[in-house]
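I opened my notebook to walk through this one at the level of side chains, cavities and surface. Here is what I looked up, in the order in which I looked.

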Amino acid sequence: MAAGILAAYWVALGWQAWHVGLTFDEPTHMLEGYLYWMNQPDLFPEDLPPLTKILDGWIPRALGVPLFPEMEVWRNGWKQDVAMHLLDRIPAEQIQEVFYLMRLVRTVFPVLLALLVWHWGRLLHGERAGLLLLVVAVLSPTALAHGALVKTDLAAAFTYLLFWFCAWRFWREPRGKSSLALGGSVLAAILTKLSLLVVWPLALAVVVVRVARGPRPSRRWLPAAVAAVLLIPYAGMLAANKSQIRRLTPQDITDMRDGKEFSKPVLRAAKVFRYVPTPIHLQKAVRSMNVYQRYGAPSYFLGEARTRGHWAYYPLAWLIKTPIAVQILFVAGLLVAARQRATVGLVLLFPAALYMLAATQSELL
């Protein structure tokens with residue numbers, strides 16, 4: 001039954017991929033992936049890690065989409081402007097073909113997300129619970145609306161949940177295979193979205209705390225687990241960024257300090273990267289997104305046009321967009337977990353609460 005539900009879900013997403021018109025961000029994502037595959041430098045803001053670029057950026061190159069670098073708008077270096085002007089010069093039928101194929105590639109993420117929800121639910125609570133969670137996942141209005149678009153939302157949701165699933169598996173069995181899976185999940189997450197860089201130190205914390213609390217024989221896995229969590233993401237990150245790496249220079253630190261780009265604790269921590277080389281694109285992406293975050297983005301919130309974000313935007317969006325039935329199930333699950341003192345059920349709230357807390361601090365919507 002689960003296979004049939006997932007197949008129907010993918011067909012529905014494929015239908016939407018062809019029939020839904022272009023959204024605001026999709027041309028920008030297409031240009032980012034295309035530049036990656038053409039070995040061209042990214043444009044501002046350099047905020048997208050390479051995973052989704054790798055998966056679908058080859059499509060516009062294979063179909064021979066022209067870039068027109070002689071356009072005046074390229075001198076501004078703003079990605080959204082370049083992407084929109086690019087579309088003006090491409091035949092409409094080629095635009096539809098390019099984005100349809102790119103969207104089909106992106107549908108792998110909502111399908112994998114639903115599959116993971118079903119699998120994890122089945123492991124925790126049995127087959128019926130897993131199927132119920134699968135139905136809730138595939139009928140989610142947010143997943144249906146975004147799953148067929150060239151965006152990073154569902155990709156980030158999948159890799160973030162995958163990381164916590166692998167952390168859960170490692171916590172249960174801190175062994176070699178679970179260590180490798182945890183390291184791989186960290187790599188997938190940090191290659192998907194900049195905000196998911198936080199899972200790297202979280203993974204290290206999970207390894208250290210779990211192995212330290214376990215029986216002494218299990219501690220022999222500690223070196224291998226720490227190595228997996230540190231080296232797999234690092235090596236994968238270098239490879240995905242084509243080994244274009246450099247160390248931070250004293251001048252870089254000075255520029256960031258004088259520009260008040262980061263807090264003093266962050267700047268002190270950044271000195272580590274004077275000795276550890278990191279991808280050039282990642283350095284630029286973190287700095288450009290920090291600048292973008294400082295200035296915020298226009299938003300519309302409760303009838304008011306704003307120049308910046310609002311801390312209540314995402315909690316309110318969750319309340320409005322999440323079906324009432326799902327909210328009832330969520331509250332009922334909390335009550336049952338609290339009554340039965342189900343530690344696992346309550347602990348699983350932490351990933352969502354952590355991400356929501358981080359979202360309330362953002363000036364970007």
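**Entry 1: salt bridges**

I began with Asp42 and Lys79, and both of them are buried (under 20% relative accessible area, with exposed being over 50% and partly exposed in between; 1.4 Å probe, protein chains only). A note before I go on: this is a predicted model, so I kept local features to pLDDT of at least 70 and side-chain atom pairs to pLDDT 80 or more, while totals for chains, interfaces and linings use all residues. Residues are numbered from 1 along each chain as its sequence is written, and side-chain values use heavy atoms, with hydrogens and water left out.

The side chains of Asp42 and Lys79 form a salt bridge with an N to O distance of 3.2 Å; the term stands for a side-chain nitrogen of Lys or Arg within 4 Å of a carboxyl oxygen of Asp or Glu. Asp42 sits in the loop between α2 and α3 (51–56) and Lys79 in helix α5 (residues 79–88), so this pair ties together parts that are 37 residues apart in sequence. For element names I used DSSP runs numbered from the N terminus: helices are H or I with at least four residues, strands are E with at least two.

I then asked which network Asp42 and Lys79 belong to.

How many salt bridges does a search of the whole structure find? I got nine.

I looked up the pair Glu26 and Arg103 next, and their side chains meet at 2.7 Å, N to O. Glu26 is in helix α2 (residues 26–37) and Arg103 in helix α6 (residues 92–106), 77 residues apart, which links distant parts of the chain. Both Glu26 and Arg103 are buried.

Asp56 lies in helix α3 and Arg106 in helix α6, so the pair ties together parts that are 50 residues apart in sequence. I noted both Asp56 and Arg106 as buried.

**Entry 2: cavities**

I searched for cavities and found two of 30 Å³ or more. On a 1 Å grid over the protein atoms alone, a cavity is a set of points where a 1.4 Å probe fits but cannot get out, and lining residues have an atom within 4 Å of a point. Grid points are joined across faces, edges and corners, and the volume is the space filled by probe spheres set on the points.

The largest cavity holds about 70 Å³ of space. By class I counted nine nonpolar, two polar and one charged residues; Ala, Val, Leu, Ile, Met, Phe, Trp, Tyr, Cys and Pro count as nonpolar, Asp, Glu, Lys and Arg as charged, and the others, Gly among them, as polar.

The second largest cavity has about 40 Å³ of space. Arg106 turned up here too, with Phe109, His146 and Asp153 also among the lining residues. α10 (153–172) and α7 (108–125) each supply at least two lining residues, and α10 gives the most, with three. The classes came out as five nonpolar, three polar and three charged.

**Entry 3: surface patch**

I found a nonpolar surface patch of about 600 Å², made by Trp318, Leu319, Ile320, Phe330, Val331 and Leu335. The elements giving two or more residues to the patch are α17 (313–321) and α18 (324–339). Patch residues have over 30% relative accessible area and no salt bridge, and nonpolar side chains (Val, Leu, Ile, Met, Phe, Trp, Tyr) are joined within 5 Å. Areas come from the Shrake-Rupley method with a 1.4 Å probe. Leu319, in helix α17, is partly exposed at 48% relative accessible area.

**Entry 4: positive phi**

Last, I checked the loop between α13 (222–240) and β1 (245–246), where Lys242 lies. Phi of Lys242 is near 60°, a positive value in a residue other than glycine, and Lys242 is partly exposed, at 29%. Ser243 is found in the loop between α13 and β1 as well, with a positive phi near 55°. Is Ser243 buried or exposed? I have it as exposed, at 52% relative accessibility.

Key: 1 Å grid on protein atoms, 1.4 Å probe; cavity = no way out; pocket = protein on both sides within 12 Å on 5 of 7 lines; lining within 4 Å. Patch = residues over 30% accessible without salt bridge, like charges linked within 9 Å, V, L, I, M, F, W, Y side chains within 5 Å.
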